Amino acid sequence: TLPTPGDIEKLVCGEVTKPVVQQRATRLMCSMVHSPNCERVVGTALKAVADECRSPVPLPDELEKLACQLAQKPGMEDKAATAVCSVIHAQFPAVPAWACKMTLKKKWEALEARCPKEVVLV
């Protein structure tokens, strides 16, 4: 039988909280996104997603700022989900990549929703 969405979320959240998974996903993602301080910023964002999995707790201001900057870049959510889910899928082939990405997308969006919105004055 296929794992339930709840089972997948538990597994994905369990894996994304592991430092070794965060490190592998960070390296993979930074190989796709070449930007200064990539490892620090991506690592911070993955830790924020992991914290979102544990419980939505406020991040320290500096970490929240870094995570929000990354979260608001176009295409970053998909790249992060692809990187993390490829690491998870390698360890747990029974977890469909689409289900892993869907779970991470929900966590990413929850993190993004806590980010301050830019106000544009017209």
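1. The largest nonpolar core has 36 residues, and those touching the most other members are Val-42, Leu-70, Val-84, Cys-100, Leu-104 and Trp-108. At least two residues of this core come from each of helix H1 (5–16), helix H2 (19–32), helix H3 (38–54), helix H4 (61–71), helix H5 (76–91) and helix H6 (97–113), with H3 giving the most, 9 residues. The model is a predicted one, and these assignments should be read with that in mind.

2. Leu-70, one of the residues that touch the most other core members, deserves a separate look. Once its neighbours within four places in sequence are set aside, Leu-70 is in contact with Val-41, Val-42, Ala-45, Met-76 and Trp-108.

3. How many cavities of 30 Å³ or more does the count give? The count comes to 1 cavity, and the space within the largest cavity is about 60 Å³.

4. The lining of the largest cavity consists of Val-16, Leu-46, Val-49, Glu-77, Ala-80, Ala-81, Val-84, Leu-104 and Trp-108. By class, this lining has 8 nonpolar residues, no polar residues and 1 charged residue. H3, H5 and H6 each supply at least two residues of the lining, and the largest share, 4 residues, comes from H5.

5. The two descriptions can be read together: Val-84, Leu-104 and Trp-108 are among the residues that touch the most other members of the largest nonpolar core, and Val-84, Leu-104 and Trp-108 also line the largest cavity. As general background, nonpolar side chains tend to be buried together in soluble globular proteins.

How values were computed:
Residues numbered from 1 in each chain as written. Predicted model: local features only at pLDDT ≥ 70, side-chain atom pairs only at ≥ 80, totals over all residues. Heavy atoms only, no water. Core = buried A, V, L, I, M, F, W, Y, C linked by side-chain atoms within 4.5 Å. Buried < 20%, exposed > 50% of the residue type's maximum accessible area, 1.4 Å probe, protein only. Contact = heavy atoms within 4.5 Å. 1 Å grid on protein atoms, 1.4 Å probe; cavity = no way out; pocket = protein on both sides within 12 Å on 5 of 7 lines; lining within 4 Å. Points joined across faces, edges and corners; volume = space filled by probe spheres on them. Nonpolar A, V, L, I, M, F, W, Y, C, P; charged D, E, K, R; others polar.
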